Amino acid sequence: MKTLAVINPHAAAIDVGSEQLHLSIGGDEPVIFGTVTDEVYRLRDYLQSQQVTSVAMEATGVYWLYAYSVLEAAGLEVVVVNGRHVRNLPGRKTDMADCQWLATLHAHGLLRGGFVPPAAIRRLQDYQRLRADHVVGASSQVQKMQQALERMNIKFHDVISDLNGVSGLKVIRAILAGERSPVALLGLCDPQIQKRKRERVLQSLKGTWAVEHVFALGQALAAWEFYQKLLAECDQQIEGVLKELAGPPPSDAGPSASAGKPQGKNCPQIDQLHQLLVRLCGGRDVTTIGGIGDHLLLQLLAETGTDLKAWPSERHFTAWAGLAPGSYQSGKRKGSVKRQRNRTGRLFCAGARSLVKSVDKALGGFYRRLAARKGGLVAMKALARKMAQLYYRVLRYGLAYAERGLQAYEQKYAETQQRILARLAAKQGFKLVSLQTIAQSLP
């Protein structure tokens, strides 16, 4: 009877918890360590003394991150696996048994590690994710300002397009300073608002001015301003990391590159952000892809890094992002399995949404053509997958992307349809003739 070969008898596994680390080498009796810094260092030294070269652990919350950093710095190979893929047998779920089971699988080469970006990219990722949380927090405070205005029956936020824009903030600060005259408040707005929406603004600024709701408005504004301060501090840290990763600009650099695509208000306020990102990508301008601007590219690089060799092909990359279905086959039954989109997949979907109503992008035409047949949700995911493929090609192989425009895309699609129709007609013994040709042949 042939047994399963042991590939690495010195492979170890760690069951990570908030207070204890259970370690097993090759499936042997576990050894328990604490999670404080000295205990993690003792774990590292113990692994080195046992000549362990590879360690597996589950991605458990944030508890695994520090241990991963210490073991990675020590030169050990650390394999981070998905806990759903390595579950122990039912009825045997304990921390002691889990680390032994994981070590046994690892020793036999049965584990497939997930993607963990390099340490430098993880720094950028931490700052970027923290910044994204602050953006969400700031948005919640804008909603609270709207709620306070609604309680006073002030409809100002329904008339202007952006409550936290220049005009909206001027009016709110004046209200908090005691101004109640709609005419005086209107005078603080942009001239275009005064010209086009004068009567609507005057009507919307008449309300009850209840003291408790004015107080709530002030609290929400103070919290929003505090979040803006946090965002500015995050931008400073992100700028420092980008400059460190991108390196100094080339000494023989010609005229400065373009500033990139126009960005929204939540884009980091970083000088020459576009140039920094281009240098970080090795001179490749990923923003030439429709739907990907500097802000979205920064978020994508924080999740994937610039070296995409961890994915052998663009199919592996799109599957990892959750933009391609998995396979299912059992006997004669075949089907697909829906994958859950990770952060990268959701970012590509966000970029795809910006192309839905584009009037000059070929990718926008691709979405609308597919949406007419398959529906918006399917078309959106397909467009996000196409964007992920282009992103992979540009960063992995340095292929330049040229936007040919919607007209060129539609012309190419029409030519393809004509070839298909001509082939079908020839198969049935017919010849395809255009109406224009028939009209020209008539007397």
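Predicted model: local features only at pLDDT ≥ 70, side-chain atom pairs only at ≥ 80, totals over all residues.
Visitor: What makes the contact of Glu-303 with Arg-129 a salt bridge?

Guide: The cut-off is 4 Å between a side-chain nitrogen of Lys or Arg and a carboxyl oxygen of Asp or Glu. The closest N and O atoms of Glu-303 and Arg-129 are 2.8 Å apart, so the pair is a salt bridge. Glu-303 lies in helix H12 and Arg-129 in helix H4, so the pair ties together parts that are 174 residues apart in sequence.

Visitor: Why is Glu-303 called buried?

Guide: Buried means under 20% relative accessible area. Glu-303 has 10%, so Glu-303 counts as buried.

Visitor: And is Arg-129 buried or partly exposed?

Guide: Partly exposed, with a relative accessible area of 30%.

Visitor: What does the salt bridge of Glu-314 with Arg-393 link?

Guide: Here the closest N and O atoms are 2.8 Å apart. The pair links distant parts of the chain: Glu-314 is in helix H13 and Arg-393 in helix H16, 79 residues apart.

Visitor: How many salt bridges does a search of the whole structure find?

Guide: It finds 12.

Visitor: Which residues gather in the patch of positive charge on the surface?

Guide: Lys-338, Arg-341, Arg-343, Arg-346 and Arg-353. Take Arg-341, in the loop between strand S7 and helix H14. Patch residues need over 30% relative accessible area. Arg-341 has 35%, so it passes that cut-off.

Definitions and conventions: Residues numbered from 1 in each chain as written. Heavy atoms only, no water. Patch = residues over 30% accessible without salt bridge, like charges linked within 9 Å, V, L, I, M, F, W, Y side chains within 5 Å. Areas by Shrake-Rupley, 256 points an atom, 1.4 Å probe, with all protein chains shown as cover. Lys, Arg positive; Asp, Glu negative; His and termini not counted. Charge placed at Lys NZ, Arg CZ, Asp CG, Glu CD. Helix = DSSP H or I, 4+ residues; strand = E, 2+ residues; numbered from the N terminus. Buried < 20%, exposed > 50% of the residue type's maximum accessible area, 1.4 Å probe, protein only.
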